[in-house]
Amino acid sequence: MAQLYYRYSTMNAGKSIELVKVAYNYEERGKNVLTLIPSVDNRYGRGVITSRIGVQREAKAVADDTDILDLFIKENDRKPIDCVLVDECQFLQKHHVLELAEVVDSFNVPVLAYGLKNDFRNEMFEGSYYMLIYADKIEEIKTICWCGRKATMIARLVDGKMVKQGQQIVVGGNDMYVSLCRRHYNEGRVGPDLIVPEQTRL
C-alpha cells in the first residue's frame, strides 16, 4: 500500500538532493514522477527545485489556491504517475496536505514530502503541522550544528546577528539561516567564533 511520507530536517541537511535522487531512481526504472514545490520558494525561479550543491529539477509550482488533487488527476490522465515528490512542504496549506493524503488513499500512489518542521522562532509551519498529523511515516534527515551536535533548530540572521522575531516566511539561504543545536540556539551562538575563551568564563 502507498503511504504519505514526511521527511523533515533543519536547513542544509540535504532534503532537496534527496528528493532529486529519489526522482532519478524512479525515472531510471521507467516510472513517472510528479514533482511539486510551493510557489513562494522562488529563490531559483518559479517551479525549480535546487539543492545547495547546485543540482536542479523542474517542478510544478503550488500556489496557495492550487488544488493538488486536481493537478495530480490531470497529470495522471496524461501519463500514469508512480510517485509524487514535494519539496519545501512546510509552505503548504492544510488543504494541500489533505489533497496529498487523498492522492495516496484514492490512487495508491506514494507521496514523499520534504521540508522543515519548525521556523526560526521555533514555531511550526502550517504545512509541517498538518504533515505531522496526516503522514503515515515521519522520518528525520539529520544534520549537525557548528559544534558537532545534532542540529534541531533554525536561526535567522539579520546583519549577521540572530533574531527571534519577524515574519514567519522569508525565503533565504545560507546568508540568512543557520542550523543549530538546541543549546546554541537558546544561547544565540551561531558559530565557533562566538565561543567565550575557557579562561575568561565565569
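Modeller: This is a predicted model.

Biologist: Which residues of H1 are called buried, and what makes them so?

Modeller: Buried means under 20% relative accessible area. In H1, Lys 15, Ser 16, Leu 19, Val 20, Val 22 and Ala 23 are buried. They lie on the same side of H1, because they cover an arc of only 160° around the axis.

Biologist: What covers that side, and what is on the face turned away from it?

Modeller: The cover over the buried residues of H1 includes strands E1, E2, E3, E4, E6 and E7. The face turned away carries Tyr 24 and Glu 28, which are exposed. Just after the helix, Gly 30 has a positive phi of about 80°.

Biologist: Why is the contact between Glu 18 and Lys 21 called a salt bridge?

Modeller: The rule asks for a side-chain nitrogen of Lys or Arg within 4 Å of a carboxyl oxygen of Asp or Glu. The closest N and O atoms of Glu 18 and Lys 21 are 3.3 Å apart, and they form a salt bridge. Both residues lie in H1, three residues apart, about one turn of the helix. Glu 18 has 24% relative accessibility and counts as partly exposed; Lys 21, at 44%, also counts as partly exposed.

Biologist: How many salt bridges does this rule give?

Modeller: The count comes to 11. One of them joins Asp 70 to Lys 74, with the closest N and O atoms 3.2 Å apart. These two are four residues apart in helix H2, so about one helical turn separates them.

Biologist: What does the salt bridge between Glu 140 and Lys 150 tie together?

Modeller: The closest N and O atoms of this pair are 2.9 Å apart. Glu 140 lies in strand E8 and Lys 150 in the loop between E8 and E9, so the pair ties together parts that are 10 residues apart in sequence. Glu 140 is partly exposed at 29%, and Lys 150 is partly exposed at 39%. Elsewhere, salt bridges that share partners join Lys 60, Glu 75 and Arg 78 into one network.

Biologist: Lys 142 is in the loop between E8 and E9. Is Lys 142 buried or exposed, and how do you know?

Modeller: The cut-off for exposed is over 50%. Lys 142 is at 60% relative accessibility and so counts as exposed. Leaving aside neighbours within four places in sequence, Lys 142 is in contact with Ala 13 and Lys 150.

Biologist: What makes a group of residues a nonpolar core?

Modeller: The members must be buried, be of a listed nonpolar type such as Leu, Val or Met, and be joined through side-chain atoms within 4.5 Å. The largest such core has 26 residues, and those with the most contacts inside it include Leu 4, Leu 100 and Met 131. Each of E1, E2, H2, E6, H3, E7 and H4 supplies at least two residues of this core. Its largest share, five residues, comes from H3. Leu 100 touches residues including Leu 36, Ile 68, Leu 92 and Val 111. Another core, of 15 residues, lies apart from it and has Tyr 5, Val 33, Cys 83 and Leu 112 among its members.

Biologist: How do you know that both faces of E6 are covered?

Modeller: Cys 83 and Leu 85 on one side and Val 84 and Val 86 on the other are all buried.

Biologist: What makes E2 and E6 paired strands?

Modeller: Pairing needs at least two bridges. E2 and E6 have four, in the parallel sense, with Leu 36 opposite Val 86. E6 and E7 are also parallel and have three; there Val 86 has Ala 113 as its bridge partner.

Technical notes. Residues numbered from 1 in each chain as written. Predicted model: local features only at pLDDT ≥ 70, side-chain atom pairs only at ≥ 80, totals over all residues. Heavy atoms only, no water. Buried < 20%, exposed > 50% of the residue type's maximum accessible area, 1.4 Å probe, protein only. Arc of directions from axis to C-beta. Contact = heavy atoms within 4.5 Å.
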